[in-house]
Amino acid sequence: MVSEEALRAHLVTAGLAGTVATTREQSLRRYRLFAARDPRALLGLRPEGRWSVPDLVALMAEECGVSADPAQGSGQDRIDPERTVAALDAFAARLAAAARSRSPVLFGTGHPRRLLAFYAELASALAAAGCPVLVPAQGQCVDMTTQFGVRPCTLSYVRGVALVHEAGARPGADAPGAHTHSPLPLRTALAAATAEGGRLPELVIGDHGWVCAAGQLGIDAMGPADTDDPAPFVGQAEGRVSVAVPLDDGVPAARYRPLARYVLNRACLSH
């Protein structure tokens with residue numbers, strides 16, 4: 001069992017919170033893209049409000065703990081570990097509610113090298129609690145737009161977690177899939193579930209386009225987000241994302257394991 005005090009210490013020592021690898025320059029660049037309604041930063045979300053860069057800085061300062069000074073243009077971002085713990089508690093509460101109601105859940109990640117194992121532990125626990133862990137559109141093609149043009153990818157599931165990989169590649173433990181911010185994989189999965197008359201998720205757990213696109217479609221959604229991804233936090237502020245957990249989403253995969261243990265323990269889902 002991971003205590004709250006131990007988790008808080010781990011967040012800082014592992015670089016998940018406290019001073020993180022994400023730079024202020026990276027974050028401000030993404031805030032400018034989001035304010036300009038650039039799809040690369042919206043992640044499938046269509047904001048209702050007019051979010052200027054100062055608005056986004058203020059929101060991210062409130063939700064993550066980054067500097068609230070719009071004039072600060074350089075240095076490393078900071079995530080307040082207290083905010084991360086509070087968000088993980090809310091995440092665990094929603095997970096427990098899903099388990100109680102045996103809700104169908106869809107897991108998906110655009111960070112498979114980092115976050116796949118974290119989601120897989122949650123998927124295993126929810127499946128053991130009686131929740132259907134959905135796998136729609138297994139093996140289907142997704143035409144992903146990249147800076148190099150349209151690239152055909154395949155949607156697959158590893159340990160119950162959806163990801164995309166280049167067509168012809170086989171996802172596995174060593175090379176689980178591609179990094180993407182796109183909402184297209186989530187839309188492909190839902191379209192396939194609808195066409196096949198299958199169950200639709202009542203909860204989507206993921207990151208990037210998975211959580212934002214789901215929230216935009218009115219599906220309960222939650223997941224982690226870094227300081228340079230304002231979309232999940234805007235979605236939360238506008239009531240379309242249930243929980244956005246502030247943390248660095250690019251550290252080695254093993255460092256997320258204590259977070260999974262903490263969340264499952266709080267949700268009374270530990271094996």
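## Contacts and overall form

Where the chain makes contacts (heavy atoms within 4.5 Å) between residues at least 6 apart in sequence, 66% of these contacts join residues at least 24 apart. The model is a predicted one, in which local features need pLDDT of at least 70 and side-chain atom pairs count only at pLDDT 80 or more, while totals for chains, interfaces and linings use all residues. Residues are numbered from 1 along each chain as its sequence is written, and side-chain values use heavy atoms, with hydrogens and water left out.

The secondary structure comes to 10 helices and nine strands. Here helices (H or I, at least four residues) and strands (E, at least two) are DSSP runs, numbered from the N terminus. The radius of gyration of the chain, taken over C-alpha atoms, is 17 Å, close to the 18 Å that the globule rule gives for 271 residues, so the chain is as compact as a globular protein of that length. The globule rule is 2.2 Å times the number of residues to the power 0.38. Along the principal axes, the C-alpha atoms fill a box of roughly 50 × 45 × 35 Å. Of the 271 residues, 55% are buried; the term means under 20% relative accessible area, with exposed meaning over 50% and partly exposed in between (1.4 Å probe, protein chains only).

## The second largest pocket

The second largest pocket has a volume of about 230 Å³. A pocket is found on a 1 Å grid over the protein atoms alone, as an open set of points where a 1.4 Å probe fits, with protein on both sides within 12 Å along at least five of seven lines. Grid points are joined across faces, edges and corners, and the volume is the space filled by probe spheres set on the points.

The lining (residues with an atom within 4 Å of a point) consists of 15 residues, and Gln 26, Arg 30, His 179, His 181 and Asp 228 lie nearest the centre of the pocket. Strand S1 (18-23) and helix H2 (24-35) each supply at least two lining residues, and H2 gives the most, with four. By class, the lining has two nonpolar, six polar and seven charged residues. In this scheme Ala, Val, Leu, Ile, Met, Phe, Trp, Tyr, Cys and Pro count as nonpolar, Asp, Glu, Lys and Arg as charged, and the others, Gly among them, as polar.

At 23% relative accessibility, His 181 counts as partly exposed. Leaving aside neighbours within four places in sequence, His 181 is in contact with Arg 30, Arg 40, Leu 43, His 208, Gly 209 and Asp 229. His 181 and Leu 43 are 138 residues apart in sequence, yet their C-alpha atoms are 6.1 Å apart in space.

Leu 43 belongs to the loop between H3 and helix H4 (53-63) and is buried, at 0% relative accessibility. Although Leu 43 is not a glycine, its phi is positive, at about 60 degrees. Arg 37, in the loop between H2 and helix H3 (39-42), also is not a glycine and has a positive phi, near 60 degrees. Arg 37 is partly exposed, with a relative accessible area of 31%.

Ala 123 lies in helix H6 and is buried, with a relative accessible area of 3%. Apart from neighbours within four places in sequence, Ala 123 is in contact with Phe 107, Val 133 and Arg 159. Phe 107 is 16 residues from Ala 123 along the chain, and their C-alpha atoms are separated by 7.3 Å.

In helix H10 (residues 257-266), the buried residues are Pro 258, Leu 259, Ala 260, Tyr 262, Val 263 and Leu 264. An α-helix has 3.6 residues a turn, so residues three or four places apart point the same way. The cover over the buried residues of H10 includes helix H1 (4-13), helix H5 (81-101) and helix H6 (112-128). Just after H10, Cys 268 takes a positive phi of about 60 degrees.

## Cysteines

How many disulfides does the structure hold? There are zero disulfides, a disulfide being a pair of cysteine sulfur atoms within 2.5 Å. For Cys 131, the nearest cysteine sulfur is that of Cys 268, 14 Å away. Cys 131 is buried, with a relative accessible area of 4%. For Cys 212, the nearest cysteine sulfur is that of Cys 64, 13 Å away. Cys 212 is likewise buried, with a relative accessible area of 0%.
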